[in-house]
Amino acid sequence: MAFAIERQAITKWLQKLLESGEVIAPVRGPCGDILFSTIHSPEKVEWNFQNPLHPPKQFVLPQTDPIVKIKRNGERHEVAPTYDDTRRFLFNVRSCDAKGIAFLTRMYEMEPADASYLRRANNLTIISLACNIPCPLGFCVCTDSGPFLRDSYDVQLTDLGESYLVEVGSEKGETALSGVPNLFHPATEDEVSQRKRLEIEAKNHFEQETCHFASAMRRISTGRVQDALWEKMSDSCLECGGCNMVCPTCYCFSVKDLGRVGAWVRCRMWDSCQYAAFTLEASGHNPRAHRKERMKRRFFHKVSAQYYQRDGMVGCVGCGRCIKVCLGATNMPAVVGAIRKGKWNE
Amino acid sequence: MSAVPSTCPFCSCGCGFYLLTNNGQLVGVAPSETHPVSSGRLCARGWSAHEAALWGDRLRQPLLRQNGKPESVSWDEALDHIAGRLKALIDAGKPVGVLGSPRATNEENYLAGKLARAGLQTNNVDFSYHSICGPLFAGLEEVCGEHTPTTSLNDIASSQTILLIEGNLAETHPRAASSVMKAVEKGAHLVTIGYRITQMARLSSLHLQTTPGNEREAINGLLAAILDLRRQDRTSVAVRGEGYEALWRDVKSVKRTEELRQAAEWIARAERATFLLACTGGQGDQPQKDAAAFATLAAITGHLDRPGSGLLPLLARSNVRGACDMGVIPERLPGYDPLDDERARQRLQDLWGKKLPSDHGWGAENLLQSVSGLIVVADDPPSVVRMGRRAMAAMGRIEFLVVLDAFVTPTVRIAHAVLPIANFAETEGTLTNMEGRVQRLRTATNPPGEARIGWQVLAELCARFDVGNSYTSATDVLCEIAQAAPRYAGIEQRLSEGGWGGALLKDSDNAKFVVHPTGATGAAALAFAGRPHVLACDGAFDWGRDPLVLFSPTLSRDYQSERKFFPNGFVEMCERDVDALNLGGQRHVRLTSVHGDAVVPIRVRTDLKPGVLSVPYAFRDHVASVLGSDSVTAVNVEPP
C-alpha cells in the first residue's frame with residue numbers, strides 16, 4: 001500500500017528517525033562534494049543531488065571493518081567477534097544503490113553466512129528516493145535497477161512536487177513509518193498515477209546511456225572474447241582499483257590484523273581484483289599475474305551467464321560511477337561495448 | 001563517520017581526497033569530484049592512503065640511545081640532549097647537517113632549512129631524493145632559466161602531441177598517465193622515448209626505443225628533424241630562440257629515420273603539445289644534458305610557454321617541489337634563490353636575525369658520508385639514494401644521528417635520538433605539487449602516544465639554537481615562508497580564498513630560454529666488444545620501501561612478495577639473450593663491468609630488446625659492485 005507525506009512534514013519524520021537511530025543521508029561537504037554522512041538535523045539532507053561518487057555500501061561493508069578481536073591471555077588467545085548493532089536509516093539513497101545493497105546482502109547471506117555483515121544489514125533501513133531525472137552517466141535502465149524500484153527498498157520515496165509518495169517494501173519500512181501519527185496519509189489515486197507517469201518520463205530521459213549486457217553476456221559466457229582484445233583493453237587500465245571501490249556490487253575483501261599492545265583487531269578491508277597481488281598465492285604463484293587476466297575475471301564475474309544464473313542479475317546496477325572514477329578507460333559500458341563489437345577504440 | 005578533505009601524500013600529482021574517520025580512527029578514503037587535480041579519480045596508492053597511517057609501525061615516544069639501547073625520555077630531555085650534542089660537535093669543529101624530505105610538509109622543510117642555516121650555521125642541508133632529481137632540475141634551468149614546469153596536469157589531456165621520456169608513467173604517476181590516455185583517446189599523437197616497451201609505449205603512436213642512458217640519441221634526432229622542417233618551410237614551423245645555429249651544428253649529422261621525421265612533424269605542427277620528462281639514467285652529467293636537450297626541443301618548437309603547451313618534470317614524491325622551494329638544497333636558499341644571491345641572503349638574514357654561512361654545503365650523498373652530526377626529517381635515506389645499502393653503512397659511522405619520523409624505518413633503528421612526529425593524516429601544513437599547486441594537509445586524526453606535529457618539534461629545535469619564533473600554528477610558519485620565498489608571497493591569503501585545490505604559485509619572471517648546443521649523444525660508446533651488453537638501473541624511486549607503501553597491507557603485497565621470492569634481487573633480460581647464454585637450466589648470470597662483478601638471478605622480460613639488461617631500482621644493491629656509481633654501465637654477461 002502506498003502513502004503520501006506532505007513536503008513540509010518530512011522534517012518531522014526525519015526528527016523521529018533521528019530519535020530512533022543513526023540517520024545517514026547525502027550531505028554537501030565543505031568542498032562541494034556530496035557525501036553520504038551521518039546527519040544530526042533534518043535540514044542537512046540534500047534532495048536535489050547527483051548520486052555521490054562514494055557509494056553507501058560503506059554502511060554495510062566499511063572500507064576498514066573490524067570483525068574479530070583477539071586478545072592474549074597468558075598462554076591462550078581470546079577471540080571474540082565484533083558486531084556493529086547500530087540501528088541506521090539510509091535516507092535518500094538512490095535506486096541503484098538500494099539495489100546494490102540487496103545484491104551484497106544476497107551474497108553475504110549465502111552459506112556460510114557472514115554474521116558481521118548481516119547484523120549491519122539487518123539493522124539498516126533503506127529509504128530510497130526514486131530518480132525522476134536519471135543521472136547523466138547512469139544506465140540503470142539496462143540493469144533493471146532504476147530509475148524507480150520494484151523491490152530492494154524498505155521505503156521508496158517519489159518526489160511529486162508538493163508531496164512525496166511513500167511506498168513501503170518491508171516490515172522495516174513499516175516500522176520506519178510508525179510512531180508519527182498523522183504524517184502519512186493513504187496515497188490518492190492521483191498521487192499513484194503521478195508516480196507512474198514520473199517513472200515513464202524518467203525512463204524516457206535515457207538517451208545514449210546504454211550498456212548492451214545481453215550481447216556481451218553471450219560472448220563472455222562462452223569464451224568467445226579474443227585474448228588479444230583483453231590484452232588491448234588492459235592497456236587502458238591503470239590498475240587503480242577505483243571501479244571496485246565505488247562499485248555498489250563489489251564485495252571482495254582481504255583481512256589484516258591491526259596490532260595493539262597484547263591485542264589485535266582483525267579487519268576486513270576492501271580489496272580490488274584488479275590489483276596484481278589480489279590472487280597472489282603464498283607460494284609466489286599468481287594465477288592472474290597479467291592485467292588482462294584480471295580484467296577478464298572481473299568482467300566474467302560481472303557479466304557472465306554463469307553468475308547471472310546464481311545472482312539473478314548482472315553484477316552491475318548501472319550507477320555509472322566506474323565511468324567517473326576510472327583513471328583509464330575501462331569502465332563497464334566501454335568494456336561491454338568492446339566485447340559486443342569485438343574491438344577496442346578502433 | 002566524518003570526512004576531512006586532504007591531499008594525497010604519495011606522488012607529486014597532488015590529488016585531493018577525503019580521509020574518512022570513525023570515532024577518531026581512520027577508516028578509509030573517499031574521492032572528490034570537485035578537486036581540480038583528481039576530479040573524482042584516485043590511483044591504487046590514493047585509495048589505500050589511510051592504511052599506512054593506520055597500520056604503520058609508529059613511533060610514540062622520544063627515544064635516546066643509552067648504553068646502546070633506545071630508551072624513552074621526555075620531550076624536554078630529548079630536545080635538550082640533541083641541542084647539547086650538536087652544539088658540542090659544532091664547537092669541536094666537526095661538520096653537521098640536516099636532511100629535509102619530500103615526505104615532509106613545506107613548513108617542516110622550511111624549518112629544517114632554517115635550523116641548518118641559521119641555527120647550526122651550515123649549508124649542509126639537502127633531501128635525499130634531490131640526488132636523483134637534481135640533474136633534471138639543473139638541465140631544465142640551463143635552458144628555461146627555471147626548473148619549474150610550464151604546464152599543468154589538466155592541460156595534458158587536451159594536447160595534440162605528447163612527448164614522453166618514459167620512466168613507467170603508468171606506475172610512477174597514474175594521474176598524469178590518465179591525462180595522457182585521455183588525450184590519446186581524443187586522437188593525440190603520443191611519442192614515447194625509452195628502452196622498455198611500457199604500457200604507455202604500447203599506447204603510443206610511436207615508440208622510439210633507445211638503449212638505456214642513450215635517450216639523447218632520440219632527442220637529438222628529433223631536434224635535427226625539427227630543424228630540417230624549419231629549413232624546408234620557414235613560415236609554418238615555428239622555430240624560435242637564440243643560438244640554434246650552434247644547435248644545428250651539433251645535431252645535423254644525426255641520422256633521421258622516417259619515424260623521427262614523423263614525430264618531428266607532430267611536435268612542430270601541434271597547436272598544443274606536452275613534454276613529460278622523467279629522471280633519466282646515464283653516466284656523469286648525462287641526465288642533466290638529457291633534460292636540457294629535452295627542454296630545448298620544447299623551446300625551439302614554441303611549446304615551452306604557449307598556452308595549453310608546456311613541459312612537466314615528473315617528480316616521484318609528493319613534496320619534491322616544496323622541498324626545493326623551501327631551500328633544503330645546499331646551494332639554494334628558500335625561494336630557490338642561489339646561495340650567493342646577495343639580495344636573497346640579506347632578505348633571510350633580516351628575517352631570521354642571523355648571519356648566514358657562505359661556505360658551500362654538501363649534497364645528500366656526500367653529507368651522509370661526511371658529517372659527524374645529522375638530523376634527518378621524515379626520511380630513510382638508504383632507501384632513496386642510489387648508493388642504497390652503502391648509505392646505511394655510512395650513516396652507521398655518524399657520531400650523532402637524530403631522526404624525526406612518524407614511522408619506524410631502518411634509519412630510525414640506528415639513530416641516537418628519535419623524535420616521534422605526526423604523519424600526513426595527523427598534521428597540518430602544506431605540500432606543493434609538481435605543478436606548483438600549494439595545498440593543505442588537514443588533521444583527520446591525532447598522532448599516537450606522545451608524538452608531536454613535525455613543525456612544532458623543528459620550531460623547538462630552532463629555539464634551542466636561538467632562531468626561534470613564536471609560531472602558534474602551521475599558518476604562522478607559512479606566513480614566514482611567504483616572507484622568505486618571494487613566490488610564496490601572500491600564499492596564506494590565497495590558500496584561504498582558493499579553497500579546495502589550494503593556490504597555484506605564480507610563474508617566475510626568470511623564465512626565458514636559451515638554446516644550448518646539446519652535445520654529442522651520450523652512451524653511444526658505452527657498450528664495446530669486451531662488454532657488449534648494457535645494464536641499466538630501472539626507475540628512480542622505490543615505493544616498496546617508503547613507509548607509506550611498506551606499512552599499507554594492500555599496497556605492500558607486490559613489493560614484499562617480490563623481495564621474498566628474490567632475496568638476492570634479479571636482473572631482467574630478453575628471452576633471446578637468455579637463450580644465447582646456454583644457461584642449461586641455470587637461473588643466474590655473472591655480470592662483469594669496469595667496476596666489478598656479481599652473480600644475480602635472472603628474470604625473462606618481453607619488453608626489453610636484446611643486449612639490454614635492467615635491474616629494478618629496488619634491487620640496485622644486489623648489483624652495486626657492477627653499477628658502481630653509474631645508473632647505466634656496459635657489462636659482459638656469462639653463465640655463473
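**Interface and interior**

Modeller: To begin with the interface, 47 residues of chain A are in contact (heavy atoms within 4.5 Å) with 44 residues of chain B. The model is predicted, so local features need pLDDT of at least 70 and side-chain atom pairs count only at pLDDT 80 or more, while totals for chains, interfaces and linings use all residues. Residues are numbered from 1 along each chain as its sequence is written, chains are lettered from A and ligands numbered from 1 in the order in which they are written, and side-chain values use heavy atoms, with hydrogens and water left out.

Colleague: What is the area buried between chain A and chain B?

Modeller: Buried area here is the accessible area (1.4 Å probe) that two parts lose on being put together, summed over both. On the chain A side, A:Asp235, A:Leu238 and A:Leu327 lose the most area to chain B, together 17% of what that side buries. Carbon and sulfur atoms give 58% of the total, which is about 3,600 Å².

Colleague: Which residue of chain A meets B:Arg557 in a salt bridge?

Modeller: A salt bridge needs a side-chain nitrogen of Lys or Arg within 4 Å of a carboxyl oxygen of Asp or Glu. Between chain A and chain B the count is 3 salt bridges. At 2.7 Å, N to O, the partner of B:Arg557 is A:Asp271.

Colleague: How are the rings of A:Tyr108 and A:Tyr117 arranged: stacked or edge-to-face?

Modeller: Rings of Phe, Tyr and Trp (its six-membered ring) pair if their centres lie within 6.5 Å; planes under 30 degrees apart count as stacked, over 60 as edge-to-face and the rest as tilted. That gives 20 aromatic pairs over all chains. For A:Tyr108 and A:Tyr117 the centres are 4.5 Å apart and the planes at 15°, so this pair is stacked.

Colleague: How many disulfides does the structure hold over all chains?

Modeller: A disulfide is a pair of cysteine sulfur atoms within 2.5 Å. For A:Cys326, buried at 9% relative accessibility, the nearest cysteine sulfur is that of A:Cys240, 5.9 Å away. For B:Cys133, buried at 0%, the nearest is that of B:Cys324, 5.5 Å away. Over all chains, the number of disulfides is 0.

Colleague: How many residues are in the largest nonpolar core?

Modeller: A nonpolar core is a set of buried Ala, Val, Leu, Ile, Met, Phe, Trp, Tyr and Cys residues joined through side-chain atoms within 4.5 Å. In the largest, the residues that touch the most other members include B:Tyr129, B:Leu419 and B:Val589. Leaving aside neighbours within four places in sequence, B:Val589 is in contact with residues including B:Val571, B:Leu583 and B:Pro640. The number of residues in the largest core is 230.

Note on methods
Buried < 20%, exposed > 50% of the residue type's maximum accessible area, 1.4 Å probe, protein only.
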